[in-house]
Amino acid sequence: MENFKSILFSIVIFAILMLAIFWAFRTIESGSGHIDNQQFKELESKNNELEKEVADLKSQINSLIKEKELTLSSSNDAQLPEVTIPTQEAIKPVEQKPVVAVLKYQSLINELQKIVNSKIILKKGSQGIMVGSIQKFFNIYNKTSLKIDNDYGVSTVTTITNFQKDQGIAVSGDAGVTTISKMIDWLKKQ
């Protein structure tokens, strides 16, 4: 009997644990999903505030019109001017801040732009993260997944030479301002 109670207790604990795990997985959301939900809620609350503001403004317009009617009817000097209250569709929407477009390869574009800004010419034998940025570009451009070793070797020279030919720029095998600018232009079009 004691053994039966411990087995039953274990089953109940296991069931509770499984329900807790199931609940945790059902309620968990990704970071981007959470951010999207927060932004949606913020926009929804701003929309509600704006709708209340529109309603307040409409009521103020109505009260001003009634006030004007009373003033005009008491003075009998002039007729009531024709006033129309704008409909919801006629009210201009609140201008929103422009959305800054983030390009697909924005971080790589930024890395390459730093090389252009510093006017560095990378040649055979160069090493470092700037060479790695160029190698990342060529993995995208050539649709390959070659190792990024940050070393400007023979294969990098060959790849750059082919790119320069494709782009119709001076073929040198070196990565200068013109070549890297062409890389940036190509990335922006992707």
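1. Helices α3 and α4 are oblique to each other, a label for angles that are not under 35 degrees (roughly parallel), over 145 (roughly antiparallel) or 65 to 115 (roughly perpendicular). Helix α3 covers residues 106-118, and the two pack at an angle of about 130° with axes 10 Å apart. Axes are lines fitted to C-alpha atoms, for helices over the stretch in contact, and angles run from 0 to 180 degrees between N-to-C directions.

2. This is a predicted model, in which local features need pLDDT of at least 70 and side-chain atom pairs count only at pLDDT 80 or more, while totals for chains, interfaces and linings use all residues. Residues are numbered from 1 along each chain as its sequence is written, and side-chain values use heavy atoms, with hydrogens and water left out.

3. I134 lies in helix α4, residues 129-141; helices are DSSP runs of H or I with at least four residues, numbered from the N terminus. I134 counts as buried because its relative accessibility is 1%, where buried means under 20% relative accessible area, exposed over 50% and partly exposed in between (1.4 Å probe, protein chains only).

4. Not counting residues up to four places away in sequence, I134 touches L112, L122, I160, A175, I180 and M183; contact means heavy atoms within 4.5 Å. Between the C-alpha atoms of I134 and I148, 14 residues apart along the chain, the separation is 9.1 Å.

5. T179 belongs to helix α6, residues 177-188. With 4% relative accessibility, T179 is also buried. Its contacts, leaving aside neighbours within four places in sequence, are I160, F163, Q164, I169 and D174.
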